[in-house]
Amino acid sequence: MNRKVAKGDLDSRIFDTLNIILLFAVTVIIVVPLWNVIISSLSSGKALAEGGFIFWSKEFSLENYRAVFSDNSIWQSFFVSMSKTFVGVITHVFFCAMVGYGLSKRYIRGRKLYVAMGVITMFFSGGMIPTYLLIKSLGLLNSFWVYIIPALFSYYDVVILMNFFRNVPDSLEESAKIDGAGDWRIFLKIFVPLSMPAMATIALFNGVGQWNDFMTTKLYITNQALYPLQMKLYEIIVQSQTQSMQNIGGSAVIETTTKGVQLATIVITTLPIVAMYPVLQRYFISGMMMGAVKE
């Protein structure tokens, strides 16, 4: 009996050791490229041209970041990105929560029709040209609201919230109605606080999408005052490429390279999103599981 117990303990230790080794290997695979991007963005053009380093640069320089921030309008673009991400996330989550709350009630008339219409939108879309014509007819071209209104609704997120709301006990809603609470008060005071894990998960996904959105500006915005950070950094990269082509064959050593500016751009655009994850991490797993699993 003792031999069996000892053998079981040995197998458990071997299994735990293999898990630790696997976790360490996966961590190295993820962290090393990220670290290399950060170090490369802090390297001079000469060091990047020579290459041959992974963990530490041969010559550090802030010229890549100076090239990115040399354009004063970069701060306005940063403000546009922050504004559209904040407003877009708040409106998107609240709108999808309202729709999900309504569709979670089985007694709603026409509920099956609404659900079927939503499922259709998950597989089919109008396409780029009809969408452009719709945006134009609504007068949203060169408007800040082109970032907000078309992104208000996503049936994928409605499904997550709808399944989450179904897990809330009916007794809570019934007791609130006995106390005289209406539908809006029940939704705002009971369902919204209880569904924070699911709403935080959707906010994270939508926030990443809003922050990284590039095509909306490319298709519908020509006013540079409404350019978000992604579009502005795209212009900086194009300008850097043009300057690099003009310096081909020259004897002067340029301080920045197109690759260096691109790497600095990656770091700048990634930092705000990375900062969001620790804040929403505790809601992330529970929100995904509770919203995706249906009894």
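# A helical protein and its helix H9

The buried residues of helix H9 pack against helix H4 (74–103), helix H7 (155–166), helix H8 (170–178) and helix H10 (196–212). In this report, buried means under 20% relative accessible area, exposed means over 50%, and partly exposed covers what lies in between, with a 1.4 Å probe and protein chains only. Contact means that heavy atoms lie within 4.5 Å. Helices (H or I, at least four residues) and strands (E, at least two) are DSSP runs, numbered from the N terminus.

The model is predicted, and local features therefore need pLDDT of at least 70, side-chain atom pairs count only at pLDDT 80 or more, while totals for chains, interfaces and linings use all residues. Residues are numbered from 1 along each chain as its sequence is written, and side-chain values use heavy atoms, with hydrogens and water left out.

## The whole protein

The protein has 13 helices and zero strands. Of its 295 residues, 36% are buried, and among contacts between residues at least 6 apart in sequence, 72% join residues at least 24 apart. The protein exposes about 18600 Å², of which carbon and sulfur atoms supply 68%; such areas come from the Shrake-Rupley method with a 1.4 Å probe, and for residues only the protein chains shown count as cover.

Helix H9 runs over residues 183–194, and its 12 residues reach 15 Å from the first C-alpha to the last, close to the 16 Å expected at 1.5 Å a residue. That expected span is 1.5 Å times one less than the number of residues. Its buried residues are Ile186, Phe187, Ile190, Phe191 and Val192.

Ring pairs link Phe187 and Phe191 with Phe94, Tyr101, Phe165 and Trp184 into a cluster. Rings of Phe, Tyr and Trp (its six-membered ring) pair if their centres lie within 6.5 Å, and planes under 30 degrees apart count as stacked, over 60 as edge-to-face and the rest as tilted. The whole structure holds 12 aromatic pairs. Among them, Tyr101 and Phe165 form an edge-to-face pair, with 6.1 Å centre to centre and 85 degrees between the planes. Because Tyr101 lies in helix H4 and Phe165 in helix H7, this pair ties together parts that are 64 residues apart in sequence. Both Tyr101 and Phe165 are buried.

Tyr132 and Tyr220 form a stacked pair, with 5.9 Å centre to centre and 20 degrees between the planes. Tyr132 lies in helix H6 and Tyr220 in helix H11, so the pair ties together parts that are 88 residues apart in sequence. Tyr132 is partly exposed at 33% relative accessible area, whereas Tyr220 is buried at 11%.

Helix H11 (residues 215–220) also holds Thr216, which is buried with a relative accessible area of 17%. Leaving aside its neighbours within four places in sequence, Thr216 is in contact with Val146, Tyr147 and Ile221. Lys84 lies over the face of Tyr147, at 5.0 Å from the ring centre; a charge sits over a ring if NZ of Lys or CZ of Arg is within 6 Å of the ring centre and within 35 degrees of the ring normal.

## Annotated spans

An unreviewed UniProt entry annotates "transmembrane region" at residues 20–38, 78–101, 113–132, 144–165, 186–205 and 261–280. Such annotations may be inferred rather than shown by experiment; positions are given in the numbering used here, with feature names shortened.

| Span | Distance between end C-alpha atoms | Helix and strand |
|---|---|---|
| Residues 113–132 | 28 Å | 80% helix, 0% strand |
| Residues 144–165 | 32 Å | 50% helix, 0% strand |

Ile149 lies in the loop between helix H6 (128–137) and H7, and it counts as partly exposed at 41% relative accessibility. The C-alpha atoms of Ile149 and Thr91, 58 residues apart along the chain, are separated by 8.8 Å.
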